[in-house]
Amino acid sequence: MLVTPALEPSRFDKASEVGADVGLLDLEDGVPRAFKPEARRLATEHLARGRASRPMALRINSLRTEDGLRDVLALLDRGARPDLVLLPKVESPAELQQLDALLSPRLPDVALLAIIETSRGVAAVDAIATATPRLQGLIFGAADLSAELGIPLTWEPMLYARSRIAMAAGAAGLSAIDSPCFDMEDLDAVEEETRRARALGFVGKIVIHPQQVAAVHRALRPCPRTVDHARRVVAQAEDDGLGGIRRLGGAMVGPPLVAAARRVLANEHLMEELESAPRRQGARTGDT
């Protein structure tokens, strides 16, 4: 999911150009307060045109702020139709339920994603995950949590929050999407951080630079050996159709491992579909 500040209309279609799965227009931290009305106008006009070849998301401001309420009113009044709306700094189920109620009359099909980036949000994440059927995922916001707690923005200090969010998302049947890696030059660090997040249960990652897209896709995709093993596990299970415990090579394979293998193959199929999706011409890298 590639973030673009909503003041940069020339970059609104960047996600399509570089192969990101979702384009994200940002009305929150990426826009100074004085420019929010202009960013709101540009984003909603673009989303009202609806010509993107990839899904488009909009990060509004917190509903606990005046700007957040103005963002929602602009969505409703200007006919904008994002595929997803991201609500930042969610600390209670009531915030998502309020947004759900506001959008329902005119935008009943727009999915919601909750950004968990405060200590209150982490503490309430299980309740937040079941706030509304419209909620499709939880996003970890590491930078704000690091700033609030006064702790480093590195892996170990953030591990507890990441684990809580991944568990809550898994229990509720939601997608867990990881925080961006803020080092725009070290793509190895982006890939390694994404692999670690995937191991916790995250299925996606926010990126802040087009060059990070390929690194994230590499890290999220299972390796050929894993895919091959998954195919053999599923093939064996489907051949006998009996369920229970069986042996494959030197390993014991039971129903949980068969389910995991099916998940690997489903993920691989999804990655193949995304790769085959058309991209816009004129892809460029090196800017955000």
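Here is a short walk through this predicted model, from its confidence to its sheet and its salt bridges. Residues are numbered from 1 along each chain as its sequence is written, local features need pLDDT of at least 70, side-chain atom pairs count only at pLDDT 80 or more, and totals for chains, interfaces and linings use all residues. Side-chain values use heavy atoms, leaving out hydrogens and water.

Let's begin with pLDDT, the predictor's confidence in each residue, from 0 to 100. Its mean for the protein is 90, and 94% of the residues reach 70 or more. Over residues 280-288, however, the pLDDT is below 50. Where pLDDT is low, the predicted coordinates should not be read in detail.

Now look for the open sheet, where eight parallel strands run in the order E1-E2-E3-E4-E5-E6-E7-E8. Strands are DSSP runs of E with at least two residues, and helices are runs of H or I with at least four, numbered from the N terminus; two strands pair if DSSP finds at least two bridges between them. E1 (2-5) and E8 (204-205) each have a single partner strand, so one side of each lacks a neighbour in the sheet.

Next come the salt bridges (a side-chain nitrogen of Lys or Arg within 4 Å of a carboxyl oxygen of Asp or Glu). The structure holds 27 of these salt bridges. In one of them, arginine 134 and aspartate 100 bring their closest N and O atoms to 2.9 Å apart. Arginine 134 lies in the loop between helix H6 (125-129) and strand E6 (135-140) and aspartate 100 in helix H4, so the pair ties together parts 34 residues apart in sequence.

Note on methods
Contact = heavy atoms within 4.5 Å.
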